[in-house]
Amino acid sequence: MKTRNILASAVFSGLLLNSCNLDYNATSAIAETNLTENDYKYLLIGVYNGVQQFSMGHLYYIDEICADGLDDNSYYDTENSNRIVASDSSINSWWNTLYKGIQLANNLVNLIEQKADKTEADIEMQAEARVLRAWLYSRVATFWGDAPILLEVKDEQVPRNTEKEVWEQVVADLEFGIANAPDYQDNNHVSKTAAKALLARVLTIVPQVQDKARGAQLAEEVIADGRFELADNFADIWQSKTSKEIILEWNNTTTDSSGIGWFLRSNIVTDYENSNGSGSAGYGEMGRYTFPVDIAQYNAYSDKDNRKASSVRHLVLGSAETYDCVKYPRYDGADPWPIIRMGELYLISAEAQGYPAGITRLNQLREKRGLDALTAGTDINADNFLQKIIEERRLELFVEGSRWYDLRRLWNSGAAGKQAVLDLRTLQPGETSRPGASQSMDIAEDGYNLLWPVPQTAIDNDPMLLPQNPGY
């Protein structure tokens with residue numbers, strides 16, 4: 001892969017463009033002396049747009065399509081069945097989009113670093129860019145494992161770093177964010193608090209950089225912050241958007257054409273309500289129904305779970321039957337995408353504290369969601385504690401970009417975790433039907449396809465990216 005300089009050239013030719021519609025084209029590097037303070041601000045807008053670009057075009061819920069949460073009616077049949085190959089155009093596109101965003105962040109980080117008279121505002125912008133870069137690298141590590149770490153603009157071939165090194169870079173960027181990012185102002189922008197929450201996640205769930213004691217400490221600091229709290233009504237997060245759950249999210253406008261909910265929602269809503277009355281379909285308007293909710297995912301929600309009605313929906317109209325996700329209900333595509341929120345912080349704290357101390361936070365979340373508390377030694381024990389946490393994450397964080405990595409780390413947790421992942425597949429050897437299992441899951445016996453192949457196009461441009469991930 002050639003690490004070509006990519007800058008938001010539209011910044012300098014059309015500063016009136018808004019933050020969600022900037023286009024990025026390859027340019028030569030721009031010297032620091034050519035930039036005004038406003039230009040740095042617009043470059044930061046470009047970095048935010050870079051992270052948003054990865055989330056657009058169905059990419060935000062590819063985790064669930066590859067895993068056991070969503071099925072596929074059209075686009076991602078190979079991803080849906082985990083028969084991905086290195087020549088897959090989608091894999092190549094996602095790799096390029098992530099590294100494009102990383103290079104946008106690198107440009108701003110390095111330009112500010114070169115300034116002889118950095119202001120406090122400059123350092124804050126640099127910290128924001130580094131936290132955004134950390135999020136992008138976390139997605140790279142999630143899908144590919146070993147990958148190049150690019151921290152400056154180059155035009156040369158580079159090898160892959162180890163996955164451990166990628167996560168270490170994520171930690172370094174988030175630590176910089178905790179120390180230097182702006183104080184919290186709103187949930188659309190990086191803050192010290194958002195960096196703290198993201199680092200709590202990484203230090204808790206990533207084996208290569210795990211520090212559960214600090215992960216628990218950071219999670220508890222965010223929980224005690226006072227500006228955020230678990231929603232009394234889960235629908236307030238997604239439907240009315242009045243909760244105080246969200247710590248960081250990527251904002252969208254009606255002109256972004258993201259349409260995340262459009263592809264998730266049922267295509268019989270209008271006819272259903274014509275037959276049964278206005279509002280009878282519950283949350284969520286009409287959609288295209290490209291990515292149905294897997295029946296096993298739908299059935300995983302207890303009827304007592306108040307997350308169910310505002311997460312998934314089952315409609316039957318004559319011979320038509322749909323299972324859809326209603327977390328992103330807006331017809332105009334302007335729903336934001338959550339990056340980190342309080343529900344996950346409770347689960348992070350629970351997992352980081354471990355058994356039995358973590359049961360308190362786990363039960364606080366469950367009780368807020370209408371479920372019974374788990375009893376130590378009977379419902380939950382030291383042997384199944386991680387699986388219980390990941391089961392709760394499956395329900396709490398559905399279509400929020402966490403499921404694929406949760407399956408990877410469950411697989412790598414030991415024999416029981418590996419078997420738990422294999423049990424999610426459509427059929428086990430010798431079985432002819434599994435009505436409660438995922439309709440699409442097809443993880444290989446050796447789990448090789450829990451990592452994606454490095455795109456062949458990238459390897460053709462940079463043979464130093466070899467060796468390919470095992471199995472491909």
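This is a predicted model: local features need pLDDT of at least 70, side-chain atom pairs count only at pLDDT 80 or more; totals for chains, interfaces and linings use all residues.
**View 1. Helices α14 and α15 pack against each other in a left-handed crossing.** Helix α14, which spans residues 342-353, and helix α15, which spans residues 359-368, have axes that come within 7 Å and cross at roughly 155 degrees. Because an angle over 145 degrees counts as roughly antiparallel, α14 is described as roughly antiparallel to α15. On the α14 side, the contact involves Gly 343, Tyr 346, Leu 347, Ser 349, Ala 350 and Gln 353, which meet Arg 361, Leu 362, Gln 364 and Leu 365 of α15. By class, the residues of this contact comprise five nonpolar, four polar and one charged.

**View 2. Trp 144 and Trp 452 belong to the largest nonpolar core.** This core holds 127 residues, and these two tryptophans touch the most other members. The element that gives the most to the core is helix α6 (residues 120-144), with 13 residues. When residues up to four places away in sequence are not counted, Trp 452 touches Ile 62, Cys 66, Ile 84, Ile 91, Trp 94, Phe 143, Trp 144, Trp 404, Asn 469 and Tyr 472. Another core, of five residues, lies apart from the largest one, and its members include Ile 268, Val 269, Tyr 272 and Ala 281.

**View 3. Arg 403 is a buried residue of helix α17.** The helix covers residues 403-411, and Arg 403 is counted as buried because its relative accessible area is 5%, where buried means under 20%. With neighbours within four places in sequence left aside, Arg 403 is in contact with Asp 63, Glu 64, Ala 67, Asp 68, Ile 390, Arg 394 and Leu 424.

Definitions and conventions: Residues are numbered from 1 along each chain as its sequence is written. Side-chain values use heavy atoms; hydrogens and water are left out. Axes are lines fitted to C-alpha atoms, for helices over the stretch in contact, and angles run from 0 to 180 degrees between N-to-C directions. Helices (H or I, at least four residues) and strands (E, at least two) are DSSP runs, numbered from the N terminus. Angles under 35 degrees count as roughly parallel, over 145 as roughly antiparallel, 65 to 115 as roughly perpendicular and the rest as oblique. A crossing is left-handed if the near helix is turned anticlockwise from the far one by less than a right angle, and right-handed if clockwise. Contact means heavy atoms within 4.5 Å. Ala, Val, Leu, Ile, Met, Phe, Trp, Tyr, Cys and Pro count as nonpolar, Asp, Glu, Lys and Arg as charged, and the others, Gly among them, as polar. A nonpolar core is a set of buried Ala, Val, Leu, Ile, Met, Phe, Trp, Tyr and Cys residues joined through side-chain atoms within 4.5 Å. Buried means under 20% relative accessible area, exposed over 50%, partly exposed in between (1.4 Å probe, protein chains only).
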